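Hi everyone, thanks for coming. I'd like to walk you through one model today, so please have a look at the screen.

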Amino acid sequence: MAAFLWYFGIPIAFLVRVLYLSLSRNLATSRAAGRYGCKDPPNLPSRDPLFNFDIVRHSLRMAAKDRRIRSIYEQLHSYDFTFQSWPFGKRVISTTDPKNIQFVFATEAAKFGIGPQREHAQGPLTGLGIVTSDDPIWSRMRPLIRPTFTRTQIADRESFDVHVSRFMELLPSDGSEVNLRPLFERLILDSSSEFIFGESFGSLLLDCKVDSKKFIESFNNGQKGVGKRVLFGKMSFLIRDAKFWESCSLVQEYTRRLVENALARRRKAQEPGENEDDLPNRKYVLVYELAKETDDRDVLRSQLLNIFFAGRDTPATALTNMFFALARHSRVWSKIREEVKDLRPEDLTFEKLKSLRYVQHVINEALRLHPPVANNSRVCLQTTMLPTGGGPDRKSPILVFPGDTISMSFYTLHRRADIFLDPEEFRPERWQTLRTTWEFLPFGGGPRHCPAQQLALFWIGYVLVRMALRFRELRNMDPVENFVEDLKLNMESKNGARVGLVFDERRS
Ligand code: HEM
């Protein structure tokens, strides 16, 4: 009897559920069609109507060929920027219509979440926090970090310059080949760990501390495990990976110690006769600032790890992608050098960098063409209507149900020919006249936009100008001319940025 139930009962119950959901969806859709003119977008064709396994296989094949992002771009173009598919039987609406993106990220942001995708997968590594969760956790966490990222507090030029100077010393200056990607990764690892934890990992130094090395290794392992858990979803319990759990507990333990240090520091500052300004290490550090807002150790630990998860790679990816493009456009390099020629490193304040118009246009153009966050998605939490993209002309509203995923390709958005003239070209000058709102979103939009946008732009601009001051030539040394995508969490140039740098003797 038990065997009968196992072989027939479960599949039958599953089919009944699928049929029931499909019937109630169809009913709601035809009602909404009559009342509001809602229509579905076209379906991506599949030979497997129940689970769309062929579509899943196609995605995996494209990822293996380093063409995942580009293939989404091609699909979106063949379906006029909106279509739907049913991988594993779950509905995914893919869209790059700025009106839909604004609706999901801002107008009706509360009806869309990220928790269903991320909490379970990422929770063991970072705990639940600003990056993994929706309300009520998210709305408790986001205000805690708001003061930390305000403009004046983030422009800590001197702290950043220590790491940049170490980075510059590792660059050959005789035109011989160097791949900037691993060096940018170490630079950002060192500066983000100092800013977030109050202790730099020192990966650019020869004597990187042993426990830092262990932390980095464990975090990398943890991130790989998170990737697997995203893929397996609710079936993650099937994964047998002792190393993942070991790495997670090492990461948690390391962060626990840093949190205890920060709390001890705060207690010391509160003692009679003590003043925080007199304590050692007065630099602006996230963990010290958070410890002023709360002494809940779990909140502090998961907040730090969530922010580290979001911020430790993205600026390095943005720098790599930008130097990939610059190495292929010597005219742009000369123009940057012309703009900055009278500056010295100590002049490079936050305000000064913002005032360098061409430098800002170059950064925008690099983030447009190769955005580190190339794809973003949300899961619908409450039935609602996307404003557009449905029906044969893609102009009708689309009814969406809880559990549906809305997948938005920023890569494709940034290459829409109706918004950006000659979109495949790297041409910073376009930003002299271009004004964008929901058409250009390297840092996302709405209440969950990147809180560290200004910090990241400062870091990127600072490195760019320091290098432009020092090197008269930036040569491409990569025999592969085209951008090959490497999609992990971010989209990065697979071949990195292989360049030759020639020192400017006049600026010794
Ligand atoms: C060029 C560098 C960066 C880019 C392109 C970038 C991009 C983004 C994007 C697109 C989002 C929105 C994600 C979403 O809507 O799901 C985001 C969120 C976030 N970013 Fe960044 N980011 C960068 C650097 C950083 C850095 C350096 C930090 C921290 C030090 C950071 C911390 C965060 C956090 C905490 C969130 C989550 C915000 C929330 O959900 O409320 N980012 N980032």
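Let's start with Phe81, which is buried because 23 other C-beta atoms sit within 10 Å. Buried here means 20 or more other C-beta atoms within 10 Å of a residue's own, exposed means 12 or fewer, and partly exposed is in between, with C-beta atoms placed from the backbone. Before I go on, a word on what you're seeing: this is a predicted model, where local features need pLDDT of at least 70 and side-chain atom pairs count only at pLDDT 80 or more, while totals for chains, interfaces and linings use all residues. Residues are numbered from 1 along each chain as its sequence is written.

Back to Phe81. Its phi is positive, about 80 degrees, although Phe81 is not a glycine. Most residues other than glycine have a negative phi, and most peptide bonds are trans. You'll find Phe81 in the loop between α3 (68–78) and β1 (82–85). When I say helix or strand, I mean DSSP runs numbered from the N terminus: H or I over at least four residues for helices, E over at least two for strands.

Now, is Phe88 buried or exposed? Phe88 is exposed, with 12 other C-beta atoms within 10 Å. Phe88 has a positive phi too, near 55 degrees, and belongs to the loop between β1 and β2 (92–95).

For the peptide bonds, look at Asp135 and Pro136: the bond joining them is cis, with omega about 5 degrees. Pro136 lies in the loop between α5 and α6.

On to the helices, and α13 in particular. α13 has 15 residues, and from first C-alpha to last it reaches 21 Å, close to the 21 Å expected at 1.5 Å a residue. That expected span is 1.5 Å times one less than the number of residues. In α13, 12 of the 15 residues are buried, so the helix is largely enclosed by the rest of the structure. Among the buried ones are Val299, Phe308 and Gly311. What covers them? The cover over the buried residues of α13 includes α5 (115–126), α6 (137–145), α9 (180–197), α11, α12 (286–293) and α14.

Let's zoom in on α11 (residues 242–270). α11 and α13 (residues 297–311) pack at an angle of about 115 degrees, with axes 10 Å apart. The axes are lines fitted to C-alpha atoms, for helices over the stretch in contact, and angles run from 0 to 180 degrees between N-to-C directions. Val251, Gln252, Thr255, Arg256 and Val259 in α11 meet Arg297, Leu300, Arg301, Leu304 and Leu305 in α13. In contact means that two C-beta atoms, placed from the backbone, lie within 7 Å.

α9 is another enclosed one: 17 of its 18 residues are buried, so the rest of the structure largely encloses α9.

Last stop, the ligand. How many residues surround the ligand? There are 23, and the closest are Ala310, Gly311, Gly444, Cys450 and Ala452. A residue counts as near if its C-beta atom, placed from the backbone, lies within 6 Å. And our helix α13 is back: α13, α14 (314–326) and α19 (453–470) each supply at least two residues of that shell.
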